[in-house]
Amino acid sequence: DVWVDNIYSRNVDTHWEGHRVLLSLSGSHSDMAFSSHEASMLQASWIKTIATLVDNSTQVAAFIKHTKLVSIDVLKSALKDTALHRVTFSEVCLKKDVANKLARSICRHAVEAQKNMKAAQLDASVKLLNTMERDCHYLFSATDFVECKARATLEKFTRNTSSLSKTKLSELMGDITPKAASLWTSGALPGLCSMLVSLKFETEAIQLLMRAAAQLDMSQNSLNAYYSNQNYSSNSGGAFGIAQQGASECAEKRKVIDNVIEIIQTTWGSRKSAFEIILGTASNAGMIWNVEPSDQLSHFLLFDWLCESRDDQTITALLNSIVVMSDSQFLENYLQRHREVYGVQLALFLRRKKQNYHEATATYVQVARSHLRHIPARSRLESRIRCLSDAIDCARDGGENIAPLETMRSSFENQNHLLKIVSSYSASRDPALDRMIAIDGAMRREGDVVEADRRMLEENVVEEGR
C-alpha cells in the first residue's frame, strides 16, 4: 500500500551510517512533521530505486559479457563514433540515454561488420542479438533490436537467398512494420528497404515505406500543409489555421514517398513485372494503393509524380493510364482539384472509369481551349490538337455529334500550319525582316512584328477570322 510509481520527494537530508539511513529534520516541528506513513513511502522509494539500479547494473554487466564476442576493432569504432570512449560503468547504469547511445552504436557497427562474416558467424550474430534482447533490454529501445536483427537477417539472406522462405519473410515484415515510422526517424528504414530491393522484394520495401508514411502522421495534419502549399482550400474550414502544425509532417512524408518513387523508378528500368505489380498497368490497379488506402496525402504525392509533365509522350500516356486505373478512393477528388493542370487525366478518368462520355468530351474541349500555362509554349498547339482528337473519339463512343469538334480541330491544325510558316520566316535571314513597316500608325521593324505574331500563334488560341 505504500509502493509508489514516482520517487518520493520530501526534502530531507539523508546519510548512511553503517546499515542504516539517518534522516535529518530541520526547522519547526509543525513544518517538518514526518509521519510513519511518509517514512514507509520514502523507504519504498529507495527500495524501488535500488532495485532498478541493481537491475540496470545486471543488464549492463550482461551486455559487457556478450560484447566479448564482438571484435576489438568494432568496439573501438563504436566508442570513437559516439565519443563515449571514457564512459564509466556507473554512467551507463544511471543514464539511459548514454546506455542507449553506446549499445546502439556497438550493435550497428557489429551488424556492419557482418559483410565480411561467414554464414556460421551470421547465425551466431543473430542469436547474440536475440540473447541481448532478452538480457539487456535496458540498453536498447524496441526499435534498436528490430533494426539490428532485421539487418543481420537480411545480410544472411543476401548470402543465401534460398534460405529466405515466405514464413521467414513474413516474420521479418511482422517485426519491422509496427516500428516502420520509428525506423524511418532513426534513419534505418531506407537501408533495410535497399536490402529488400537487392533481394528482389520490392513490394515489401514499398509496403514498409507506405506504412511509415502513414504512421508519421496518424492525425493527417500534414494534409492541411499540402493544401496550403497548393494554394487551395481543403474541405476543412480550419485547414489554413493549422497548416503550419502539419508542415514538418508533410515535409517528412514527402521524403518517404520520394524513397517510394525511387524504388518504382528502379524497378521500371530493371524489373518490369515488379513495376506493374507495384504501380499497376493501363488495365489493372497496382498494390500500392491498398497498402494504406486511407492515407490521402501519400496518394496525393504519388499522383503529383505520376501526373507531372514529361517530354516523352509515350511515358506520359502510360503513366496517365496507370493513374486512371488506380483504385485509390482519392483519385477523383485529386483530379477535380487540379483540373486546370491535369484536365487530360480527369477527362481520361471520366471516360474510362466513369463511362461519362459527355462530361469527358466537354473536359477535353475545355483543356484544348485553356491557357495551358503548365505546358511549354512550343508544345501547346500539338497538345490542343491531341485533346480535340481524344474529344472526337470520346464523343463518337458516346454517340454524340462530332462535326463541331472536327471543325475546331481543323482550326487548330490550320493555326499550327500557319505557325510553322511564320516560325520559318522569323528564323530566316531574309533582309526584309529589317525593313520598317507601319503598324497602327507606328513604325516597327518587320522582324519584331513577325516574332510577336509567332509567339501569339504558339501560346494562344486564335479565334477563326482573326
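R310 is buried, with a relative accessible area of 16% (buried means under 20% relative accessible area, exposed over 50% and partly exposed in between, with a 1.4 Å probe and protein chains only). The model is predicted, so local features need pLDDT of at least 70 and side-chain atom pairs count only at pLDDT 80 or more, while totals for chains, interfaces and linings use all residues. Residues are numbered from 1 along each chain as its sequence is written, and side-chain values use heavy atoms, with hydrogens and water left out.

**The protein as a whole**

- The protein has 21 helices and four strands; helices (H or I, at least four residues) and strands (E, at least two) are DSSP runs, numbered from the N terminus.
- Of the 466 residues in the protein, 43% are buried.
- The accessible surface of the protein is about 25,100 Å², and 51% of this surface belongs to carbon and sulfur atoms. Accessible areas come from the Shrake-Rupley method with a 1.4 Å probe, and for residues only the protein chains shown count as cover.
- Among contacts with a separation of 6 or more, 66% are between residues 24 or more positions apart; contact means heavy atoms within 4.5 Å.

**The largest pocket**

- The volume of the largest pocket is about 780 Å³. A volume is the space filled by probe spheres set on the grid points, which are joined across faces, edges and corners.
- On a 1 Å grid over the protein atoms alone, a pocket is an open set of points with protein on both sides within 12 Å along at least five of seven lines, whereas a cavity is a set of points where a 1.4 Å probe fits but cannot get out; lining residues have an atom within 4 Å of a point.
- The lining of the largest pocket has 34 residues, and Q313, T316, N320, V344 and R386 lie nearest the centre. The elements giving two or more residues to this lining are α15 (313–325), α17 (343–352), α18 (357–368) and α19 (377–397).
- Helix α19 gives the most to the lining, with seven residues.
- By type, the lining residues are 12 nonpolar, 11 polar and 11 charged. Ala, Val, Leu, Ile, Met, Phe, Trp, Tyr, Cys and Pro count as nonpolar, Asp, Glu, Lys and Arg as charged, and the others, Gly among them, as polar.

- N320 belongs to helix α15 and counts as buried because its relative accessibility is 9%.
- Apart from neighbours within four places in sequence, N320 is in contact with Q345 and L348.
- The side chains of N320 and Q345 are joined by a polar contact of 3.0 Å. A polar contact is a pair of N or O atoms within 3.5 Å; within protein, one must be able to donate a hydrogen and the other to accept it, and residues adjacent in sequence count only if both atoms are side-chain atoms.

- R310 sits in the loop between α14 (296–307) and α15.
- The R310 side chain reaches the backbone oxygen of W305 at 2.9 Å.
- Leaving out residues up to four places away in sequence, R310 touches W305, I315, T316 and L319.

**R378, in helix α19**

- R378 is part of helix α19 and counts as exposed because its relative accessibility is 58%.
- R378 and R455 are 77 residues apart in sequence, and their C-alpha atoms are 9.1 Å apart in space.
- Not counting residues up to four places away in sequence, R378 touches D311 and E458.

**Two loop residues with positive phi**

- Most residues other than glycine have a negative phi.
- Q355, which is not a glycine, has a positive phi of about 50 degrees. Q355 is in the loop between α17 and α18 and, at 45% relative accessibility, counts as partly exposed.
- L372, also not a glycine, has a positive phi of about 55 degrees. L372 lies in the loop between α18 and α19 and is buried, with a relative accessible area of 4%.

**S186, in helix α8**

- S186 is found in helix α8 (residues 180–186) and counts as partly exposed at 33% relative accessibility.
- A polar atom of the S186 side chain lies 3.5 Å from the backbone nitrogen of A188.
- With residues up to four places away in sequence left out, S186 touches R108 and E147.
- S186 and T143 are 43 residues apart along the chain, with 8.6 Å between their C-alpha atoms.
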